[in-house]
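Here are my notes on the model, point by point. Please keep the coordinates open while you read.

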Amino acid sequence: MKHAPSTHPQLRIAVLVKQVPDTANVTGKAMKDDGTVNRAALPAIFNPEDLNALEEALRLRDRHGGRVSVITMGPPAAVQVLRESLYRGADEVVLLTDRRFAGADTLATSYALACAVRRLGDVDLVLCGRQAIDGDTAQVGPQTAEKLGLPQITCVSRIDEVVPARSDAAAPSGPGTAAHDQRGSVTATRSIEGGYETLRAPLPALLTITGEANDPRPPSAKLVLTYKDIAAEAWPDYDDSYLDPQSDAAEVCLIDHDGRPVCRARVVQWDAATIAAEEGITGLRGSPTRVKEIESVVLAQPDARMVEPTEAGIAELVHELIAEHILG
Amino acid sequence: MSAPSTHDRDAPGPGEVWVFVELDGGRPADVSLELLGRARELADRLGTRAGAVAAGAGAADAAAALIACGADTVYVAEHDELTAYRSGPYARLMTGLVRRYEPQIVLYGATTTGRDLAPRVASDLRTGLTADCTDLRIGDHSTRETSYQDLLYQIRPAFGGNIIATIVCPEHRPQMATVREGVMRLPEPDDTRTGQTVSIHVETAAGGEGREDGRASDPATAEPSGGRREATGAAVLLRPEDLEVALLDRHKEEKRVDLKGARIVVAGGVGVGSREGFALIEQLADALGGVVGASRAAVDAGWVDRDHQIGQTGTTVRPKLYIAAGISGSVQHRAGMDESARILAINTDPLAPVFSVAHYGVVGDLHDVIPRMIAAYRVKGAG
């Protein structure tokens, strides 16, 4: 991959990720005696489709230049998904954590995430996984798009093309220059029932990415060594100059495998005040929905009538099903 | 905001139970009709009207079918910008109509369209939304401070199907949910039902009339025509930013497998062992006049096409007879079949979870059991 020339428009991409309990692999250890799942015993993982979103962001950054900023909202332990993002090459990571965010439904979550994206400054693309495996709602992406006033393309299985916005200096002037060219655009294919559709949105835009889109890269051993012990630091008066290699605030310049200078990342921690989130719209108070009842799925007592797998046993069963007009 | 306790049951007004109707080639999608059937029941329970919002190509022509399936009011919106579904103009339409007519409940199919649209609408309206419900009921709810009557219970599996959650939205209106296809019964159309269509005037900023969203004269009822009264309804203005996303291409194949309508489903899982082994599943399905289903594992292994997948990420079925062969029965799979009238499980593992939902269990190798079933059925069928 070639390093993008510095005059080339660069992409700023925000990726929204979530740490989730691994509901897909419920093992015996996580089962309680009554046949229900002990949710606390499930390992915490990087939500799978959020990894696909991160991978798309990293590929776009590698092709066009720019910056990938990963945001997660969660308890302090969620910092682990941010480390995982750094291991794969994210430039910047942000932990959104505050008691005031607790108990948020998808509406309150999207409000906080939208505030955090705004705090980053101008971005060209917001990417997130289509859905998280703990709730499977697929709502936070479109709701965040609406809060940010961005067009959305959901359920994206392929990003076909990104044309970055032109800066004013680089833009050719004169008649025939469409507004779309100025703003840049993203063309993407989304999966629909029994097929697909391809859409083009002007930038900035929000896309939700499915597992079909790519195979996420593994962590880089070098980056694991660099970041494995990194801790979150509160940063109320956040300023992103630490990511500019020319800046005095840049801590150490690493050189990535493309030969691109990279500043050592920090784990930026923001609370509700830092992102100017209004009280009453975040957390449980900002959530219109309430969980009235949770019922663990319990395997019913076995009451199946057991049939011998012999010719006689099967014949009798088939006869019975015909007699009851179930088979006919 | 709360729903009014009394209103005129014969005129469109606040408090209706709405369904957003997806049109597929001008025909209402099955999931929309299923929802309309349930909306009718919910509206009867609440003493209010059921409404359907039909937008896009063929919307006006679909009104009669929607009324036959239970709608009292059909809101029809046709405009070039609404011909095919796109998030921007459809979200603007729905938020405009909800603000104007104030339904208490709005239901959407949990399809790629419904799950793209509903969250955007909910965020704009700042109301609650529950995804992918498998049941809807009306009931009461109390907190320490307040008690609420006649809320929509939005019931859905969560946590990978390991829990069933009942969600309510006590303080905000409308209460909104997306609902999984196939879990509600398709209503029998009743062509003698009467209802009202309300034409929504959709315009774009380029149209120049510049009316505000949802501002309109009150609906005026016109002459009845064929059991259907027609009225002019609200106007909705689509803004330039709603129309920025271009649909470049759309490719959709008809579903080749009709699992939902099948009376008998013969489904195979990991225990089938191979692509060739699936021929046995097909033979049994053919013999019994059934349709082939599959677990996700069998689909992921490439033994059978994804159209056949049953379960949380596949199709939900409730046939008269469901035969699960070589399927262990994960919660995700059971979510798609456990309401079948009868379930027959064939598995070599007597402890397989599938036996816990089965009415008949055969502990044995499906490669032996299935040929015996086919033979027995042929004999009995001939006799």
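1. Burial in chain B. Of its 383 residues, 56% count as buried. A residue is buried if 20 or more other C-beta atoms lie within 10 Å of its own, exposed if 12 or fewer, and partly exposed in between, with C-beta atoms placed from the backbone. This is a predicted model: local features need pLDDT of at least 70, side-chain atom pairs count only at pLDDT 80 or more, and totals for chains, interfaces and linings use all residues. Residues are numbered from 1 along each chain as its sequence is written, while chains are lettered from A and ligands numbered from 1 in the order in which they are written.

2. Overall form of chain B. Chain B has eight helices and 20 strands. Both are DSSP runs numbered from the N terminus: helices are H or I with at least four residues, strands are E with at least two. The radius of gyration of chain B is 23 Å, close to the 21 Å from the globule rule for 383 residues, so chain B is as compact as a globular protein of that length. The radius is taken over C-alpha atoms, and the rule is 2.2 Å times the number of residues to the power 0.38. The C-alpha trace spans about 70 × 50 × 40 Å along its principal axes.

3. Contact range. Take the contacts in chain B between residues at least 6 apart in sequence: 65% of them join residues at least 24 apart. Two residues are in contact if their C-beta atoms, placed from the backbone, lie within 7 Å.

4. Helix α5 of chain B. This helix covers residues 278-288, and its buried residues are B:Leu280, B:Ile281, B:Leu284, B:Ala285 and B:Leu288. They sit on the same side of α5(B), because they cover an arc of only 140° around the axis. The arc is that of the directions from the helix axis to the C-beta atoms. An α-helix has 3.6 residues a turn, so residues three or four places apart point the same way. Just after α5(B), B:Gly289 takes a positive phi of about 75°.

5. What does B:Leu284 touch? Leaving out residues up to four places away in sequence, the partners are B:Val266, B:Ile370, B:Met373 and B:Ile374. B:Leu284 has 24 other C-beta atoms within 10 Å and is therefore buried.

6. Strands β16 and β17 of chain B. Strand β16 (residues 264-268) and β17(B) pair in the parallel sense over four bridges. Two strands pair if DSSP finds at least two bridges between them. B:Ala267 stands opposite B:Gly293 in β17(B). From β17 (residues 291-294), B:Val291 and B:Gly293 point one way and B:Val292 and B:Ala294 the other, and all are buried.

7. The interface. The contact takes 71 residues from chain B and 64 residues from chain A. The chain B side has 33 nonpolar, 19 polar and 19 charged residues. Here Ala, Val, Leu, Ile, Met, Phe, Trp, Tyr, Cys and Pro count as nonpolar, Asp, Glu, Lys and Arg as charged, and the others, Gly among them, as polar. Strand β15 (residues 290-296) of chain A runs antiparallel to strand β10 (residues 163-168) of chain B, joined by six bridges. A:Arg290 stands opposite B:Val168 in β10(B).

8. Backbone geometry to check. Most residues other than glycine have a negative phi, and most peptide bonds are trans. A cis bond joins A:Leu203 and A:Pro204, with omega about -5°. A:Pro204 is in the loop between β9 (195-202) and β10 (205-209) of chain A. The bond from B:Arg173 to B:Pro174 is also cis, with omega near -5°. B:Arg126 has a positive phi near 55° and is found in the loop between α4 (114-125) and β7 (129-133) of chain B. B:Asp150 has a positive phi near 55° too, but is found in strand β9 (residues 147-158) of chain B.

9. Confidence in chain A. The average pLDDT is 89, and 87% of the residues score at least 70. pLDDT is the predictor's confidence in each residue, from 0 to 100. Over residues 1-7 of chain A it stays under 50, and the model has eight contacts for them beyond four places in sequence.
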